[in-house]
Amino acid sequence: MRHIRNVGLVLAACLGAAPAAVAASTTATAAPAKSASGLDRYYDQRLAWGGCSTGPADPMGRDLDKAGVQCADVTVPLDYSKPRGRTITVAVSRLKATDTRHRIGSILLNNGGPGNGAVQSPPEFHAWMKRTGPRYDIVGFDPRFVGRSTPLDCGWNVGTTLFSAGLGRASFERQVDLQKDLAAKCRATNADVLPHVSTRNTARDMDVIRGALGEKKISYFGYSYGTYLGTVYTQMFPGRTDRMVLDGAIDPRKFGPRLLKEAVGENERALADWATWAAARNDTYHLGHTRAQVLATIDRVIRKSSRGPLTVGTAPERFRLDDTQVPFVLLAGLDSDTDASRASLGEMVSVLNKAAAGRPTTLSPQFAGLLRLATTGDQSNMGSAQTAVICGDKAAPRDPEVYWRDIRRSRAAYPHFGAVNNNIGPCAFWDRPKERPTEVEHDAKALIVSATGDPRTPHKGAVALHGLLPSSRLITVKGANRHAVYGLYENACVDNQVNRYLATGKLPAKDRTCSQQTG
C-alpha cells in the first residue's frame, strides 16, 4: 500500500512546467514581524498534544500511538492577509527526542505530492536516521487540505488527473472535456478556498508550525515536491532553517502544471530499461524475449485499448481501461529500478496483455488500488488537493491546441509518454493564481539528493537547484532510475551521508557521487 500511496501522490507533483512567468520578489513582504501582521496568536498557540488514533477504524493512528508518537492540530489562517478571518487546521505528529542531552531540535517532514501527508512518517524516519534519530523531535505534517488537516474534496469520479491524450484527436478531445469538467467541479464546490491553496501558503503554515514548536530554526526533509516546498520556505523565511535535505529535487523555475514534460525522456529510457529486465524474465511475464519484443507487446496493448476498453479483474474489482489510462499504469510503475518495483510493473503489464487477448485476469491488491485511484472517486480528496496546489502556484496555457501541438511533435521520439507528459490538465481551466511564483534570491545551505535516471523529477532539476543555492551540496546516485532515495532505496552511501549531515550540521566538503549499488 505504501507503493500505491507514493505512486498517486508523487505523480501529481510531476504534472509539468507552465510558460515562463515573471517571478515575484518574496523578501519584502513574505515574512513580516508577527505583531505587524497580526499573526501572534498563531505563532504563540499552545498545541494540545495527545493520542493519534481517532477510533477503531484508524489503524495508522493506532500504530503511531504504539510507536510513542503524539498528534495535534495547528490552527492557521485560511488567508494570511486576513489573520482574523476564517481558520483551518493542519495536522501534525511528533516523535520526541529521547537523547535529550544531545538534542538538536525539530525536523519537519514532507513526503511530496503535493498532497502526500507525513503525519505517519516519524517512526520510519526515526529508524532510517539510526543513532541520529533520538536526537531530534521528528515532526510530520499533513499540509493544508491534505489527510487529517482541514479537507478539500471537489467530488471527482477520479483520484488523479494524469492521463494520456490517447492515440488520436478524438481521445484528446475527451481529455479536454474531462479536465475542464474537473476544474468546473472544484470551482463549484470550493471556490472560496481554492485561491488559498498554494505552496506559498503551505510554507507560511510551516513557519507557524516552527513557532508553535518553540523553535527559532527548524530542520527539514522533503521528497520530490517537498524539495520545491522547502526551497520556497528558504526564500520566504530566510535564516529560519537549520539542516535541510532535499531528495528528488525540482528546479523551482520549472515547477508548475507541466513539470512532467521535463521528464519525458527519462520516462522512455526507464521503460526501455524495464523492458530489458522483463525480457530476461519472459518465462514469468510472457511479454517477449527481447527489449524490442516487450515494447512491441506494450504497443499492441495500447492499440487494442484504443479500439475498445480492456476489461481487467473480476467483480467487484473489475475495471475498463482505454488508451488514455493504460499509459498511466506504465508511468505509475516506473518509480524505481529495484527488482520489487520492476516485478510489480511486470505483473501489471502481464495482466494488461492477457486482457488485450480477451483472457480473464486477476488483480493484485496493489494493482486494484492503483486502478481505483485512476478510475473511481475513492481518492477524490487526494486528487483535488494535489491539483489545487499545482494550479494555485503557476498558470497553465489556456488553449488546448498548445497541448495538441506538443503531443503531435512528441509522438515520434517519445511514443509511450509523449501523449501523457504533454497532455492537458485541469489547470488549463483554473482561475489565475493569487500570487506570482517564488523566485530564488537567497542562498541556503542544503543537502540535495538525486538519481541520474530519476523518472519523476529529472536529475537536471537537482543540478539546477544546486546552482541556484551555491552553499548546497549535491549527492548523485549514478545510473539509478529511482525517485526518492534516502531510506527507501537502501543505498548506504546516500543514507550514511544524509545521517552524518543531520548529526553534525556539516555539509560534505564537496559534491559526492554514489553508485547505484547499495553500500
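User: In this predicted model, which residue forms a salt bridge with Asp137?
Analyst: The closest N and O atoms of the pair are 3.0 Å apart, and a salt bridge needs a Lys or Arg side-chain nitrogen within 4 Å of a carboxyl oxygen of Asp or Glu. The partner of Asp137 is Arg103.

User: How many residues apart in sequence are the parts that Asp137 and Arg103 tie together?
Analyst: Asp137 lies in strand 4, and Arg103 lies in the loop between strand 2 (87-95) and strand 3 (105-110). Asp137 is buried at a relative accessible area of 6%, whereas Arg103 is partly exposed at 35%. Given these places, the pair ties together parts that lie apart in sequence by 34 residues.

User: What is the N to O distance in the salt bridge of Arg148 and Asp58?
Analyst: Arg148 is partly exposed, with a relative accessible area of 27%, and Asp58 is buried at 7%. Their side chains meet in a salt bridge with an N to O distance of 2.5 Å.

User: How far apart in sequence are the parts tied together by Arg148 and Asp58?
Analyst: Arg148 sits in the loop between strand 4 (136-142) and helix 6 (169-190). Asp58 sits in the loop between helix 3 (40-43) and helix 4 (59-66). The parts so tied together are apart in sequence by 90 residues.

User: Which helix holds both Arg409 and Asp406?
Analyst: The side chains of Arg409 and Asp406 meet in a salt bridge of 3.9 Å, N to O. The two residues are three residues apart, about one turn of the helix. An α-helix has 3.6 residues a turn, so residues three or four places apart point the same way. Both residues lie in helix 16.

User: Is Asp406 buried or exposed?
Analyst: Its salt-bridge partner Arg409 is exposed, with a relative accessible area of 63%. Asp406 has a relative accessible area of 13%, and the cut-off for buried is under 20%. Asp406 is therefore buried.

User: Which residues are linked with Asp406 and Arg409 in a network of salt bridges?
Analyst: The structure holds 23 salt bridges. The network that includes Asp406 and Arg409 also takes in Arg258 and Lys261.

User: What charge does the surface patch with Arg307 carry?
Analyst: Arg307 is found in helix 11 (residues 291-307) and is exposed at a relative accessible area of 65%. Arg307 gathers with Arg300, Arg303 and Lys304. The charge of this patch is positive.

User: How far apart in space are Gly308 and Arg320, C-alpha to C-alpha?
Analyst: Gly308 lies in the loop between helix 11 and strand 7 (310-314) and is partly exposed at 26% relative accessible area. In sequence, Gly308 and Arg320 are 12 residues apart. Their C-alpha to C-alpha distance is 9.1 Å.

User: What span should helix 13 have, and how far apart are its end C-alpha atoms?
Analyst: Helix 13 covers residues 339-356, which makes 18 residues. At 1.5 Å a residue, the helix should span 26 Å. This agrees with the distance between its end C-alpha atoms, 25 Å.

User: Is Ser224 buried or exposed?
Analyst: Ser224 is in the loop between strand 5 (218-223) and helix 8 (225-236). Ser224 has a positive phi of about 55° although it is not a glycine. At 1% relative accessibility, Ser224 counts as buried.

Technical notes. Residues are numbered from 1 along each chain as its sequence is written. This is a predicted model: local features need pLDDT of at least 70, side-chain atom pairs count only at pLDDT 80 or more; totals for chains, interfaces and linings use all residues. Side-chain values use heavy atoms; hydrogens and water are left out. Patches are made of residues with over 30% relative accessible area and no salt bridge: like charges are joined within 9 Å, nonpolar side chains (Val, Leu, Ile, Met, Phe, Trp, Tyr) within 5 Å. Accessible areas come from the Shrake-Rupley method with a 1.4 Å probe; for residues, only the protein chains shown count as cover. Lys and Arg count as positive and Asp and Glu as negative; His and the chain ends are not counted. The place of a charge is taken as NZ of Lys, CZ of Arg, CG of Asp or CD of Glu. Helices (H or I, at least four residues) and strands (E, at least two) are DSSP runs, numbered from the N terminus. Buried means under 20% relative accessible area, exposed over 50%, partly exposed in between (1.4 Å probe, protein chains only). The expected span of a helix is 1.5 Å times one less than its number of residues.
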